[in-house]
Amino acid sequence: MAYCILNIALDTPLTSCFDYRWPCAAGEEPRVGQLALVSFGRREVVGLIVAVKHDTEVPADKLKDALAVRSQLTPLSPQWIALAAFAADYYQRPLGEVALPGLPKNLRVLTTVALDRALKKLAKSAPVHDHTPLDMPVLNGAQQEAADTIGGAQGFTPILLYGVTGSGKTEVYLQACAEVLAREEGGQILILVPEINLTPQLEGNIRARFPGVMLATLHSSLSEGERMLHWLAAHQGQARIVLGTRLAILASLPQLKLIVIDEEHDPSYKQQEGLRYSARDLAVWRARQLGIPIVLGSATPSLESWHHAGSGRYRKLELRERAVKDAVLPRVKLLDMERDKPVDGITSHLMAALRQRLERGEQSLLFLNRRGYAPVICCESCGWISNCTRCTSFMVLHKPEHRLRCHHCSLELRIPRHCPTCGNVDLQPLGRGTQRVEEGLQQVFPQARILRIDADSTRLKGSAQAAFDTVHRGEVDILIGTQMVAKGHDFKKLTLVGILNPDTALFSQDYRASERLFAQLMQVAGRAGRAARTEGGSVSEVLIQTRYASHPLYSAVVNHDYDRFATDLLAERRQAALPPYLYQALLRAEAPELATAIGFLESARDALVFHGITLNDPIPMTMTRVHNVDRAQLLVESPSRPALQAFLKEWLALLRAMKSRVKWSLEVDPLDI
């Protein structure tokens with residue numbers, strides 16, 4: 001019997017791939033990109049064939065046979081393997097740790113029952129190839145120019161679509177998609193959104209526009225069976241449009257012709273666990289690899305994208321006006337909390353505006369990016385506060401559940417009846433979360449229909465979409481929400497947005513905090529006034545409660561002046577030598593004692609000297625202790641990306657050789673420092 005050697009990538013921390021023997025006749029070898037079941041240690045696991053050869057350096061007595069090859073699945077394309085290899089190389093992870101988790105879990109199980117069932121189900125589904133769009137609205141001049149430019153782009157063309165909130169970016173995407181689908185026989189389109197709760201509305205728009213085109217969705221809320229089915233539809237080319245969150249960037253799309261990244265500035269595109277990749281950056285690399293257009297859309301582009309547009313690397317298209325006729329940007333006003341003292345967290349001016357909208361039958365939104373009832377409870381007698389016993393954070397009061405909850409380690413405790421230190425029974429909540437604001441408004445407006453949307457109220461599957469549907473139907477008078485409500489949603493009757501307590505971000509030690517706050521304020525402000533103003537209707541308003549009304553950031557928000565804000569911020573970044581003018585990597589270490597983590601990082605800092613690389617001193621992380629584990633970090637910086645990558649490759653080899661019980665991880669291009 002003749003044999004060939006399969007070089008297989010496995011989901012392990014080891015950097016090498018592994019050779020296995022497979023019996024086959026000449027010309028009948030398995031193909032690169034197929035999955036194979038192999039024995040690894042005492043386990044049986046599924047791996048990805050990355051090479052097929054006829055010799056190996058593994059001794060014959062140690063060479064194992066592969067157990068099975070999943071021949072019923074079309075091989076993953078060389079382009080997809082190259083994408084996984086690039087991500088592994090750039091983010092300094094083994095290929096198997098990138099490629100295998102990028103596949104549905106049901107593809108990686110030991111049996112093929114789920115795979116065979118899904119393939120059979122897809123084979124029975126009627127093929128749909130009618131890409132004729134329905135109900136194409138007439139675009140304004142700027143929209144039409146943008147849609148024509150995107151739809152007609154050839155080759156690798158990175159486009160920044162900069163449009164104010166409500167300017168009709170989604171419609172531009174859809175009409176550009178119609179042109180690409182009509183031109184490219186069998187062509188596929190990938191559309192990414194930052195959060196799961198934004199997919200239902202866009203999915204409905206796509207299905208209504210292209211009823212004859214198969215649409216696949218990919219995000220973490222799908223069941224494993226659903227994810228497998230949708231992934232296979234994309235992999236086999238049946239799904240012409242794929243809509244998903246960041247994980248969809250690793251979907252297999254053999255005929256990909258256009259990529260759209262909506263809300264491209266959103267930090268949710270950066271994975272914060274495991275492989276810490278940026279879906280936006282990988283999408284740009286994938287577009288360059290395939291030689292196809294990519295659209296990055298936002299009302300508040302990331303400074304990196306704005307910088308690329310300014311330097312000519314990206315083409316910039318602008319939508320300066322709202323798409324709906326007679327719909328105008330809301331009037332933004334600052335409410336000085338030093339002059340108008342808030343009662344129960346709301347100033348008299350904002351309360352009067354809420355009352356006016358209720359009388360007119362219009363909707364209002366109160367935005368507070370802090371869930372729970374209060375951030376902390378305290379004893380005014382002895383100063384005790386509800387600290388988490390496992391983290392350097394507070395236990396947040398969740399009054400409806402009668403619990404204290406840590407939002408970092410999920411520890412839950414009953415609310416104490418008296419102070420654990422002095423016995424005082426009069427414990428007071430400090431600060432306000434969405435639950436407390438909801439309770440206060442229900443007392444002031446007992447007849448109003450008030451709805452709270454945050455991570456606590458939408459824990460059940462489908463509950464978030466049900467809540468948003470309630471708002472869209474006009475069955476809510478006052479909506480209270482966190483960042484879940486800040487972007488992407490088109491509330492037709494909403495004419496007032498009140499923003500509570502945004503000031504804390506002004507004093508963050510994170511240099512990206514001002515950029516994020518500005519984007520957040522502009523996005524949530526954009527929920528107001530998206531429909532045409534009716535005769536007698538209210539002028540759409542955004543009221544921001546602040547103690548720092550003279551801060552230049554708020555001035556830029558009032559004037560809807562992203563251009564100047566971004567230009568000034570880029571000048572500050574250049575002067576301070578910060579991204580995008582500098583490249584960074586962050587080494588994190590975790591240990592039961594902080595000194596142990598710091599000691600490991602000090603050894604790492606001294607392990608290698610490299611020209612053009614700056615290794616800063618190790619410091620504790622802002623949230624030093626989480627779930628009884630102390631955390632520290634070491635920041636690596638360089639003005640040259642190639643130099644940083646070359647250093648990291650050598651450095652990681654030394655770190656892996658260091659014997660330590662410290663758990664460590666490396667993040668390239670960190671967003672949170």
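The buried residues of helix H9 pack against strand S6 (157-163), helix H8 (279-290), strand S11 (293-298), strand S12 (315-319), helix H13 (513-525) and helix H15 (562-576). Helices here are DSSP runs of H or I with at least four residues, strands are runs of E with at least two, and both are numbered from the N terminus. The model is predicted, so local features need pLDDT of at least 70 and side-chain atom pairs count only at pLDDT 80 or more, while totals for chains, interfaces and linings use all residues. Residues are numbered from 1 along each chain as its sequence is written, and side-chain values use heavy atoms, with hydrogens and water left out.

**Stop 1: helix H9.** Select residues 303-311, which make up H9. Its buried residues are Leu303, Glu304, Ser305, Trp306, His308 and Ala309. Buried stands for under 20% relative accessible area, exposed for over 50%, and partly exposed for the range in between (1.4 Å probe, protein chains only). Then step to Gly312, which follows H9 and has a positive phi, near 90°.

**Stop 2: the whole chain.** Along the principal axes, the C-alpha atoms fill a box of roughly 85 × 65 × 50 Å.

Colour by burial: 54% of the 673 residues count as buried. The accessible surface comes to about 30,000 Å², and carbon and sulfur atoms hold 51% of this surface. These areas come from the Shrake-Rupley method with a 1.4 Å probe; for residues, only the protein chains shown count as cover. Contacts (heavy atoms within 4.5 Å) can be sorted by distance along the sequence. Among those between residues at least 6 apart in sequence, 75% join residues at least 24 apart.

**Stop 3: Arg276.** Select Arg276, in the loop between strand S10 (256-262) and H8. Is Arg276 buried or exposed? Arg276 is buried, at 16% relative accessible area. A polar atom of its side chain lies 3.0 Å from the backbone oxygen of Gln272. Beyond neighbours within four places in sequence, the contacts of Arg276 are Tyr91, Lys270, Gln271, Arg588, Ser665, Glu667 and Val668.

**Stop 4: either side of H15.** Start with His560, in the loop between helix H14 (552-558) and H15. Phi of His560 is positive, near 50°, in a residue other than glycine. His560 counts as partly exposed at 24% relative accessibility.

Now go to the loop between H15 and strand S24 (583-591), which holds Pro580. Ala577 is found in this loop too. Ala577 is not a glycine, yet its phi is positive, at about 55°. With a relative accessibility of 40%, Ala577 is partly exposed. Next, display the backbone between Pro579 and Pro580: a cis peptide bond joins them, with omega about 10°.

**Stop 5: Ser638.** Select strand S27 (residues 629-638) and pick out Ser638. Ser638 is buried, with 1% relative accessible area. Which residues does Ser638 contact, leaving aside its neighbours within four places in sequence? They are Leu582, Tyr583, Gly612, Ile613, Ala643 and Leu644. A polar atom of the Ser638 side chain lies 3.1 Å from the backbone nitrogen of Ser640.

**Stop 6: Leu134.** Move to the loop between helix H3 (113-124) and helix H4 (141-152), where Leu134 is found. Leu134 is partly exposed, at 40% relative accessible area. Not counting residues up to four places away in sequence, Leu134 touches Ala208, Arg209 and Pro211. Leu134 and Arg209 are 75 residues apart along the chain, and 5.0 Å separates their C-alpha atoms.

**Stop 7: Asp55.** Finish in the loop between strand S4 (43-53) and strand S5 (68-69), the place of Asp55. Asp55 is exposed, with a relative accessible area of 55%. For a distance check, select Leu192 as well: Asp55 and Leu192 are 137 residues apart in sequence and 42 Å apart from C-alpha to C-alpha.

Technical notes: Polar contact = N/O pair within 3.5 Å; in protein donor to acceptor, adjacent residues only side chain to side chain.
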